[in-house]
Amino acid sequence: MASFFKSLSDDMEKVAQVLEDGYQILSGAATQMGEASSNIHADSAEADFDSDEMLHDENINLEDFEEYGSPLMGMADSVMSDIMSYQVGPQTPMEQIQAFKAAITWNEPFIQCLLAFQAVVIIAAIVLTKKGGIYTRMGFMIILAIIVRLAERLNSIGNSRWKEFATQNYFDRGGIFIGIMLCAPLLCVCFGMLFAMFREANNLLVDVKAMKIKAQQEREQKKKSKEEEKKQRKKKD
């Protein structure tokens, strides 16, 4: 940090030096213009000569000023770039999460209603997964998919009318807020319900396979028992 302030002070000194040189160049040009105007009133012929010389000197001074002006702009740009280079945003994922949490006003009604909606969706998904039928769960997932599909339109509506229900504009053009706070939880719920359905289907397949194996074993046992009965009858005869 000390090196940064030292380099900043050096750059500011360079800028001040260039400004002082430019001021001296401009003041010299103004003095020469004043002298040329006095010579014009004294003698018209001499004034013509002095005016040509003054214009020549003025062109030289302007060229010198332009030569000083471009380094001045370059130094100003370098100073601003040095300052902006030290203004580093969050780097690690944890810092980004903390920055996102700090940017949201969690106690405002809009955020609390959004969190309550997500809680209701999660509870409904759990209940339907345990007790709901296949068509009920599919319909619920379709509704969630429609909400996710309309997230872009909801983001544009929120961007134009955020003052009616929020304290700040959460709806940026990239849709980061609505993607994290609305779409991501709903997609996680959908994937969770799909995983539960696949697991149930897998368990059903295992049960059906076990029932088939059991039925086949029972048939084989019946065949063996019948064959044994036939053998015993033949022995008795």
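Modeller: Residues are numbered from 1 along each chain as its sequence is written. In this predicted model, local features need pLDDT of at least 70 and side-chain atom pairs count only at pLDDT 80 or more, while totals for chains, interfaces and linings use all residues, and side-chain values use heavy atoms, leaving out hydrogens and water.

Biologist: How many salt bridges does the structure hold?

Modeller: A salt bridge here is a side-chain nitrogen of Lys or Arg within 4 Å of a carboxyl oxygen of Asp or Glu. R161 and E164 make such a pair, at 3.1 Å from N to O. E200 also pairs up, with R137. The structure's count is two.

Biologist: Is R137 buried or exposed?

Modeller: Buried means under 20% relative accessible area, exposed over 50%, and partly exposed in between, using a 1.4 Å probe and protein chains only. R137 has a relative accessible area of 6%, so R137 is buried.

Biologist: How many residues apart in sequence are the parts that E200 and R137 tie together?

Modeller: Helices are DSSP runs of H or I with at least four residues, and strands are runs of E with at least two, numbered from the N terminus. E200 lies in helix α7 (residues 176–236) and R137 in helix α5, so the parts they tie together are apart in sequence by 63 residues.
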